[in-house]
Amino acid sequence: MRRVAVFGATGSVGESTLDLLARRDDIEVVALTGGRNVKRLAEQAKAHNAALAVTAFDDCYQPLKDALAGTGIDVAAGAHAVVEAAHRPADWVMSAIVGAAGLAPGFAALSQGRTLALANKESLVTAGPLLLAEARSHGATILPVDSEHSAVFQALVGEDIAQVETVTLTASGGGLRDWPLEKLAYATPEEAGKHPNWDMGQRITIDSASMFNKAMEVIEAHEFFGLAPDQVKVLIHPQSLVHALVAFNDGAVMGHLGAPDMRHPIGYALNWPQRGALPIKRLDLATAGRLDFAAPDLQRYPALALAWQVMETGGASGCVFNAAKEIALDHFIARDIGFLDMASVVEATLSAFAARADIAATPRTLDEVLAIDTMARELAGEAAARRPRA
Ligand code: NAD
Ligand code: MG
């Protein structure tokens with residue numbers, strides 16, 4: 001039996017993970033964690049006969065306890081309990097909490113030498129070098145689950161990264177891709193929260209429309225594969241059938257194609273280092289008919305350009321970028337700022353942070369990362385308050 005823990009089980013990636021786990025008979029679920037969706041977490045814990053169910057929020061403890069009364073499933077609550085769950089023995093751990101909250105549990109799993117399937121891209125953006133060092137020093141393995149990064153990872157099997165010239169991540173362009181430029185500033189959270197191809201959580205869907213998601217993924221690729229900033233490229237590809245392209249120094253380009261379904265990269269990480277059959281719609285290029293590509297317009301996607309600024313600056317700027325992006329997104333969802341203001345807020349936060357000489361330039365510990373994260377959130381809140389109301 002393989003012992004599996006899923007962090008962020010009630011989310012979009014978490015549900016897809018459990019869908020795959022339910023199809024196998026060699027899985028023992030040692031822990032599931034969720035947020036405020038206690039009802040769903042309890043249903044999942046029962047359906048998968050989990051040993052432990054954890055809600056990240058203290059005030060959700062009693063409702064979860066009540067929902068699981070008489071089942072024999074252990075119940076815990078709070079951020080510390082989520083991290084403790086990552087210390088339980090497991091063979092495969094899914095990191096699918098959204099946001100910086102996913103950082104500490106991922107670290108904890110790596111400290112135990114686990115195989116960590118990493119969907120939480122914020123971990124690599126905020127603390128890439130620390131995360132990779134933690135994995136190395138404990139003999140742990142990180143497997144990318146973000147679809148583009150899984151695609152690159154697969155294209156690199158049997159290859160030497162030193163022979164790679166460029167890595168191209170594709171982007172659908174998001175729900176507002178075809179909007180007239182002058183209308184973009186007035187887009188609502190509902191409009192930005194609809195995705196043409198992928199079925200994902202609300203926050204990542206809005207990040208997809210603004211391309212903050214792709215900016216995060218560019219930094220993620222830079223960190224995970226050790227690529228120089230100018231080796232990472234982005235192409236708009238509206239059909240979302242090509243997930244990434246890896247170009248080698250002999251002129252060959254390896255592309256990864258497939259239906260847009262997160263169960264593919266999750267399943268690849270679950271079956272790794274082998275492949276195994278997955279319930280994914282098969283790609284039919286004759287029906288698809290065409291694959292389109294275009295360079296991204298940085299006026300439409302100002303967030304994207306910030307990724308290269310972050311990679312060039314290095315140090316704590318990935319952490320600042322992620323924290324500021326989360327705050328800007330909160331303010332956009334709360335209708336305090338406009339859609340394009342999100343990039344301005346993040347840019348202003350990066351500048352405000354750079355001007356602060358009192359903060360460690362490069363975080364050396366998880367605690368330093370979290371302190372910078374807190375500081376960046378304050379600076380971003382101030383930057384957002386300076387924007388005129390949307
Ligand atoms: P989601 O919002 O659907 O789910 C997030 C999960 O995290 C839920 O289980 C929620 O309860 C939990 N959570 C929220 N706040 C928490 C907190 N403070 N502490 C602990 N748990 C908390 O998100 P998602 O779309 O499944 O994305 C999860 C991660 O995977 C994100 O980092 C995202 O960028 C990444 N990702 C998602 C997709 C996708 O298709 N959805 C694709 C690639 C990468
Ligand atoms: Mg992705």
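Colleague: How do strand β8 and β9 pair, and over how many bridges?

Modeller: This is a predicted model. In it, β8 (residues 164-171) and β9 pair in the parallel sense, over 5 bridges.

Colleague: Which residue stands opposite Leu 235 in β9?

Modeller: Thr 170 does.

Colleague: What sheet are they in?

Modeller: An open sheet formed by 4 strands, in the order β9-β8-β10-β11. The pairing is mixed.

Colleague: Which strands stand at the edges?

Modeller: β9 (232-236) and β11 (253-257). Each has a single partner strand, so one side of each is left without a neighbour in the sheet. From one strand to the next, the twist averages 20 degrees.

Colleague: Which helix packs on the sheet and touches β10?

Modeller: Helix α7, residues 147-155. It touches β8, β10 (242-248) and β11. The direction of α7 makes about 40 degrees with that of β10.

Colleague: And what does α10 touch?

Modeller: α10 packs on the sheet, touching β8 and β9. Its direction makes about 150 degrees with that of β8.

Colleague: Now the 7 strands. What is their order?

Modeller: β4-β3-β2-β1-β5-β6-β7, in an open sheet with parallel pairing. β4 (74-77) and β7 (141-144) stand at the edges. Each of those two has a single partner strand, so one side of each is left without a neighbour in the sheet. The twist here averages 20 degrees from one strand to the next.

Colleague: How many bridges between β1 and β2?

Modeller: They pair over 6 bridges, in the parallel sense. β1 covers residues 2-7 and β2 covers residues 27-34. Arg 3 stands opposite Glu 28 in β2.

Colleague: Where does α1 pack?

Modeller: On that sheet, touching β1, β2 and β5 (92-95). The direction of α1 makes about 160 degrees with that of β1.

Colleague: Switching to ligand 1. How many residues surround it, and which are the closest?

Modeller: 28 residues surround it. The closest are Gly 11, Gly 35, Ala 56, Met 200 and Gly 201.

Colleague: Which helix gives the largest share of that shell?

Modeller: α1, with 3 residues. α1 (12-22), α6 (121-137) and α9 each supply at least two residues of the shell.

Colleague: How does the shell split by class?

Modeller: 13 nonpolar, 11 polar and 4 charged residues.

Colleague: Which domains does the shell draw on?

Modeller: It draws at least three residues from each of domain 1 (2-144) and domain 2 (150-260). The domain assignment also gives domain 3, at 314-386.

Colleague: How many residues of domain 2 are in contact with domain 3?

Modeller: 12, in contact with 9 residues of domain 3. α8 (189-192), α9 (202-210) and α10 (212-225) each supply at least two residues of the domain 2 side. α9 gives the most to that side, with 4 residues. By class, that side divides into 9 nonpolar, 1 polar and 2 charged.

Colleague: What separates the centres of domain 2 and domain 3?

Modeller: 23 Å, taken over C-alpha atoms.

Colleague: Last topic. How do α14 and α15 cross?

Modeller: At roughly 140 degrees, with axes that come within 9 Å. α14 is residues 317-333 and α15 is residues 341-354. The crossing is right-handed.

Colleague: Which residues meet there?

Modeller: Those in α14 include Val 320, Phe 321, Ala 324 and Leu 329. They meet residues in α15, among them Met 342, Val 345, Leu 350 and Phe 353. The residues of this contact divide into 11 nonpolar, 2 polar and 1 charged.

How values were computed:
Residues are numbered from 1 along each chain as its sequence is written. Chains are lettered from A and ligands numbered from 1 in the order in which they are written. This is a predicted model: local features need pLDDT of at least 70, side-chain atom pairs count only at pLDDT 80 or more; totals for chains, interfaces and linings use all residues. Domain bounds come from an automatic or database domain assignment. Two residues are in contact if their C-beta atoms, placed from the backbone, lie within 7 Å. Ala, Val, Leu, Ile, Met, Phe, Trp, Tyr, Cys and Pro count as nonpolar, Asp, Glu, Lys and Arg as charged, and the others, Gly among them, as polar. A residue is near a molecule or strand if its C-beta atom, placed from the backbone, lies within 6 Å of it. Axes are lines fitted to C-alpha atoms, for helices over the stretch in contact, and angles run from 0 to 180 degrees between N-to-C directions. A crossing is left-handed if the near helix is turned anticlockwise from the far one by less than a right angle, and right-handed if clockwise. Two strands pair if DSSP finds at least two bridges between them.
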